[in-house]
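Subject: Structure for your review

Dear colleague,

Please find below the structure that I am handing over to you, together with its sequence. My notes on what was found in it follow.

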Amino acid sequence: MWSRCLRRKSLQILLLILSFIFALVVGIQSNGSHSSTEILWDTYGVPHIYGKDVPSAFQAFGWAQMQSHGNLLLRLYGEARGRAAEYWGEEYLKSDRWVLTMGVPERARSWYKAQSPTFRSYLDAFAKGINAYALEHSNLIDDEVKVVLPVKAEDVLAHIHRVLHFTFVVNQERVAGISEQEPPGSNGWAIAPSRSASGKAMLLANPHLPWSDLFLWYEAQVTAPGIDAYGATLVGIPVLAIAFNDSLGWTHTVNTHDGWDAYELKLVDNGYRFDNQVRAFETKTLSLKVKQKDGTLQTQPLIVKRSVHGPVVSEKGGKAVAIKVVGLDKPGVLQQWWDMARSQNLKQFETALKRSQLPMFTVIYADRDGHIMHLFNGDVPVRQKGDFEYWQGIVPGDTKSTLWTKIYPYQDLPRIVDPPSGWLQNANEPPWTTTFPTAIKPDNYPPYMAPRFMDFRAQRSARMLAEDEKITFDEIVEYKHSTRMELADRILDDLIGAARKQGGELARAADVLEAWDREANADSRGAVLFAAWAEEIDLDKVFSIPWSEQSPRTTPDGLADPKNAVAKLEVAAAKVQKAYGALDVKWGDVFRLQHGDVDLPANGGDGSLGIFRVLKFAPTSNERFRAVAGDSYVAIVEFSQPVRAMVLTSYGNATQPGSPHVGDQLQLVAKKQLRPAWRSRQDILSHLEERKVF
């Protein structure tokens, strides 16, 4: 027995020695002449790209995205071409009409020509990497998406154009007035040295997007001459959109930005009335090809009309609606993101930002020098009248007084650097509440710049920062995973008191709510009942004290109609009892993290409840729900020497069938854990899964 143990021990030592030698050899080869480009894949499927030059790094990034998301990437590019119905059938016809009516493919071709020769070569290299992977690994790509090949740089630009301008700034559902869901969201924090326990600035990046389609994040590290950045981008985008390096980092949140308007036109003969004249539409007829079930193609015309405002999206009853969208003349967003990631200090970073090529998104920034910044970034039209709410509706299109032609320059946007508070936050609310004491005054800006409100998630966000004088790195990790319901803290005592007065089943419901920890952790009992009650009520009408700018972090408050609130609790309790057999069912028994064979209890919930750790759920079966959106990419960064960073990509860093990284990080999500960001070659080689040399 002892000899077997010795042999086993000797074998383990030998394997360790061989692993060390392999890592050493790889390190020597890679750190030598830099004559080759390589991708080092770590054990979470994150590509660490080392480019001998910048074009080679872009090419490797294209290759990496194909290995991780090839089927999805090609499908997205096919959609951005406006040819998805031609490739895959009638279900994509609506998408094609939108993309072509908005002029996405045509504009992408002009954007490609507008790139600098150097950056154009980078985009060509990215497309080259995609095509090279597809050629070498054709067997790993679904046959139905191969029709998109070969990919061109114009496809890359069409994709980013569709994502930014015609999904985030405006999308088809919003134009049609059928979108009832709140837009995708995010959390972002920047903490100055004065509030950091280590004396170093810290950054939290935490976007909340759907866990599918063009919203998927892809985590990567890109190293080449002039750059060493770690972060994430949306699948199909060739540069990092949220990133950090040894000197600085930034994140984005979806801001309360109005970058499009709908104009009502009065039709006259074959034209429309504008400024006391009748104008003719610019009209173009395009051909849409639609793949039939038998594989044949049917061609149908698409007539695109344009007014001075922009494309016409509807006509009815002698009237038409046209839309105008910002940023269509700005083709440089990819180079701007690239240069942001190459920056080494605030001045260089803002030099890139001032190009104003990114049409929307708040920027939250921190750096090694201790600076923090909040920028309400975006193309904000200079309008002659109206407040934010006015421009949310359809405005008259027969007068030039509503037709904006100018955009506010960078220096006129809401912005704060190094506030006295030492912290900045944004949870998708307007910029006015980014820190306290208030640093950006809304009265200094036109009323249409942004609305005025602070919802419960933002209040929870500000509370955690304001109540901690010296924040440690570990505390940020803890706060980031907070499932405390700010809504419950605000109103639960009133609800419990009102329910107790009714007695009977309502008293039992009150007992459950009183014993509840006010969190949405997997083992929280009472959270399901409270969330069910919140579904029944109208949050805009439930409070006796409305939200106030004078008390933005403690209002709204109080039950306006206790009798009605209790009646809604009775309805919610009956539903919960019927569905789960108990009022105190565990949150994690109802809300799940599911992917393939993975089925785990979830923690977190909807931001409208005031939960900072956001997860959104869709119904499955047996009255259960699975996470489909919310916490997607997370990065917590401390600008120490060396930089300390923890990260997570909730759903894993791949979607290709057979990849071990599809859903492999859900266990960490369930445990409220992050993973170290491996950035040094030594760490990467110690966790090496695969190496690709070009």
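In the class counts below, Asp, Glu, Lys and Arg are taken as charged; Ala, Val, Leu, Ile, Met, Phe, Trp, Tyr, Cys and Pro are taken as nonpolar; and the others, Gly among them, are polar. Please bear in mind that the model is predicted.

With those classes, the lining of the second largest pocket divides into 9 nonpolar, 5 polar and 14 charged residues. This pocket holds about 680 Å³ of space. Its lining has 28 residues, and those closest to the centre of the pocket are L100, G103, P105, E106 and R109. At least two lining residues come from each of α4 (93–101), α5 (104–114), α7, β12 (282–291) and β13 (297–306). The largest share is that of β12, with 7 residues.

A search of the whole structure for cavities of 30 Å³ or more returned 2.

The largest cavity contains about 150 Å³ of space. Its lining is made of 16 residues, with F168, L209, W217, H252 and F361 nearest the centre. The elements that contribute two or more residues to this lining are α7 (153–169), β4 (202–210) and β8 (248–253). Of the elements, α7 gives the most, namely 3 residues. By class, the lining of the largest cavity comprises 13 nonpolar and 3 polar residues, with no charged residues.

The second largest cavity has a volume of about 80 Å³. Among the residues of its lining are F58, F61, W337 and W338, as well as P238, V239 and L240. Two or more lining residues are given by each of α2 (54–80), β6 (227–234) and α9 (333–342). The lining of this cavity has 12 nonpolar residues, and neither polar nor charged ones.

A further point concerns strand pairing. Strand β23 (residues 591–595) pairs with strand β26 (residues 625–631) in the parallel sense, over 2 bridges. Within this pairing, F591 has F625 of β26 as its bridge partner. β23 also pairs with strand β24 (residues 598–601), here in the antiparallel sense and over 4 bridges. H595 is bridged to V598 in β24. The hairpin of β23 and β24 has 2 residues between the strands, and G596 takes a positive phi near 60 degrees in this hairpin.

Yours sincerely

Notes:
Residues are numbered from 1 along each chain as its sequence is written. This is a predicted model: local features need pLDDT of at least 70, side-chain atom pairs count only at pLDDT 80 or more; totals for chains, interfaces and linings use all residues. Side-chain values use heavy atoms; hydrogens and water are left out. On a 1 Å grid over the protein atoms alone, a cavity is a set of points where a 1.4 Å probe fits but cannot get out, and a pocket is an open set with protein on both sides within 12 Å along at least five of seven lines; lining residues have an atom within 4 Å of a point. Grid points are joined across faces, edges and corners, and a volume is the space filled by probe spheres set on the points. Two strands pair if DSSP finds at least two bridges between them.
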